[in-house]
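I wanted the angle, the distance and the residues involved.

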Amino acid sequence: VGYAVDLGELAADTDAAQLAFEFMALLDASNTRSIMTGSNEPYRSARRALVSRLRAAGADPEVLRPLAEHVD
């Protein structure tokens with residue numbers, strides 16, 4: 001995340017450490033819920049949340065399109 005900020009791919013005021021923490025929290029939670037439920041839905045929810053946070057941080061929507069439109 002820090003590299004993306006440094007390269008101008010995310011807004012300069014993005015708190016890279018906080019965003020990375022949020023990403024890890026989403027991924028950890030989705031993995032736990034998927035294991036507990038036997039469902040891939042938590043991964044889809046996490047992917048939507050990641051895309052939303054990246055958009056809010058100024059990521060290029062075209063770069064995010066493959067992630068946003070990914071079908072399991």
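Entry 1: the pair. The model I am reading is predicted. I looked up α2 and α3 and found that they pack at an angle of about 165°. Their axes lie 8 Å apart. Angles over 145 degrees count as roughly antiparallel, so α2 and α3 are roughly antiparallel to each other. I also noted the handedness: the crossing of α2 and α3 is right-handed.

Entry 2: the contacts. Which residues of α2 and α3 meet? On the α2 side I listed several, including L19, F23, L26, L27, S30 and S34. On the α3 side I found P42, Y43, A46, A49, L50, R53 and L54.

Entry 3: the length of α2. I checked helix α2, residues 16-37. At 1.5 Å a residue, its 22 residues should span 32 Å. Its end C-alpha atoms are 31 Å apart, which agrees.

Entry 4: buried or exposed? I looked up the buried residues of α2 and got L19, F23, S30 and S34. They cover an arc of only 40° around the axis, so they sit on the same side of α2. I recalled that an α-helix has 3.6 residues a turn, so residues three or four places apart point the same way. The buried residues of α2 pack against α3, residues 41-56. On the other side of α2, I found A17, F21, I35 and M36 exposed.

Entry 5: the end of α2. Just after α2, I saw that G38 takes a positive phi of about 70°.

Conventions: Residues are numbered from 1 along each chain as its sequence is written. This is a predicted model: local features need pLDDT of at least 70, side-chain atom pairs count only at pLDDT 80 or more; totals for chains, interfaces and linings use all residues. Side-chain values use heavy atoms; hydrogens and water are left out. Helices (H or I, at least four residues) and strands (E, at least two) are DSSP runs, numbered from the N terminus. The expected span of a helix is 1.5 Å times one less than its number of residues. Buried means under 20% relative accessible area, exposed over 50%, partly exposed in between (1.4 Å probe, protein chains only). The arc is that of the directions from the helix axis to the C-beta atoms. Contact means heavy atoms within 4.5 Å. Axes are lines fitted to C-alpha atoms, for helices over the stretch in contact, and angles run from 0 to 180 degrees between N-to-C directions. Angles under 35 degrees count as roughly parallel, over 145 as roughly antiparallel, 65 to 115 as roughly perpendicular and the rest as oblique. A crossing is left-handed if the near helix is turned anticlockwise from the far one by less than a right angle, and right-handed if clockwise.
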